[in-house]
Amino acid sequence: LIVRTMLGLRRLSAPQLRAFAVFAGEIPHDVVQKSYVLSSGPGGQNVQKNATKAQIKVKLDESATWLESDLRSAVARRLANRINASGEVVIESDRTRERSLNLADAIDKLRSTIYEVQREMGARKETEADLSIVRERAARAAHARLAEKRRESAKREVRESVAQL
């Protein structure tokens, strides 16, 4: 599959294609329950009068077909401390005085968490062979660094012996 990115056209490999197909950043509006409560954030007297704190609730059970099942369970594990007794993930935002901006921030928090979990799931796990290659490269680099130090030292010795003549 070839995808248009900001850098131009790009061919996706199989793992990238799976990650691309899992979550495209779109959270359906019908699965998000929105509510507003009194805020404790910035706003002075405004926060005592207007409910500006946005609170969204999203079910992450089998009915959440907009997410792949393994991604859905990984997100549920990540947000386990935010899941209420009804099985809904509760995310709040009272960052601003504006109700709409707080709602957008709460949805963005959920979207960012899903992207983060997706990226971690797609991350390649290091094997013992990978670690041995890294150790070998580090040993080679250390050997080359010491050889360079010896060459520089010999160069300085030659300069000192010529200067003493």
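This is a short tour of the structure, one selection at a time.

**Before you start**

The model is predicted, so local features are given only at pLDDT of at least 70 and side-chain atom pairs only at pLDDT 80 or more, while totals for chains, interfaces and linings use all residues. Residues are numbered from 1 along each chain as its sequence is written, and side-chain values use heavy atoms, with hydrogens and water left out.

**Stop 1: the whole chain**

Show the chain as a cartoon. You will find 5 helices and 5 strands; helices (H or I, at least four residues) and strands (E, at least two) are DSSP runs, numbered from the N terminus. Starting at the N terminus, the order of elements is β-β-α-β-α-β-α-β-α-α. Of the 165 residues in the chain, 26% are buried. Here buried means under 20% relative accessible area, exposed means over 50%, and partly exposed lies in between (1.4 Å probe, protein chains only).

**Stop 2: the open sheet**

Next, select residues 32-37, 53-59 and 88-93, which are strand 3, strand 4 and strand 5. These 3 strands form an open sheet in the order 3-4-5, with antiparallel pairing. Two strands count as paired if DSSP finds at least two bridges between them. Strand 3 and strand 5 are the edge strands, each pairing on one side only. On average, neighbouring strands of the sheet are turned by 20° against each other, direction ignored. Axes for such angles are lines fitted to C-alpha atoms, for helices over the stretch in contact, and angles run from 0 to 180 degrees between N-to-C directions.

Now zoom in on the pairs:

- Strand 3 and strand 4 are antiparallel over 6 bridges. Look for valine 37, whose bridge partner in strand 4 is lysine 53, and for glutamine 33, which stands opposite lysine 57.
- Strand 4 and strand 5 also pair in the antiparallel sense, over 6 bridges. Here alanine 54 faces serine 93 in strand 5.

How many residues of strand 4 are buried? The count is 5 of its 7, and the strand is mostly covered. In strand 5, 5 of the 6 residues are buried, so this strand is largely enclosed by the rest of the structure.

**Stop 3: a residue in helix 2**

Select glutamine 48, in helix 2 (residues 46-49). Is it buried or exposed? Glutamine 48 is exposed, with a relative accessible area of 62%. Its C-alpha atom is 6.7 Å from that of leucine 38, 10 residues away along the chain.

**Stop 4: helix 3**

Move on to residues 69-78, helix 3, and colour its buried residues: Leu71, Arg72, Ala74 and Val75. Seen down the helix axis, they fall within an arc of 165°, so they line one face of helix 3. That arc is taken from the directions from the helix axis to the C-beta atoms.

Arginine 77 also belongs to helix 3. With 59% relative accessibility, arginine 77 counts as exposed.

**Stop 5: helix 4 and the crossing**

Finally, select residues 99-122. This is helix 4, with 24 residues, reaching 35 Å from its first C-alpha to its last, close to the 34 Å expected at 1.5 Å a residue; the expected span is 1.5 Å times one less than the number of residues. Its buried residues include Leu103, Ala106, Ile107, Leu110, Ile114 and Val117.

Keep helix 3 in view as well. The axes of helix 3 and helix 4 come within 10 Å and cross at roughly 115°. That makes helix 3 roughly perpendicular to helix 4, a word used for 65 to 115 degrees, with under 35 as roughly parallel, over 145 as roughly antiparallel and the rest as oblique.
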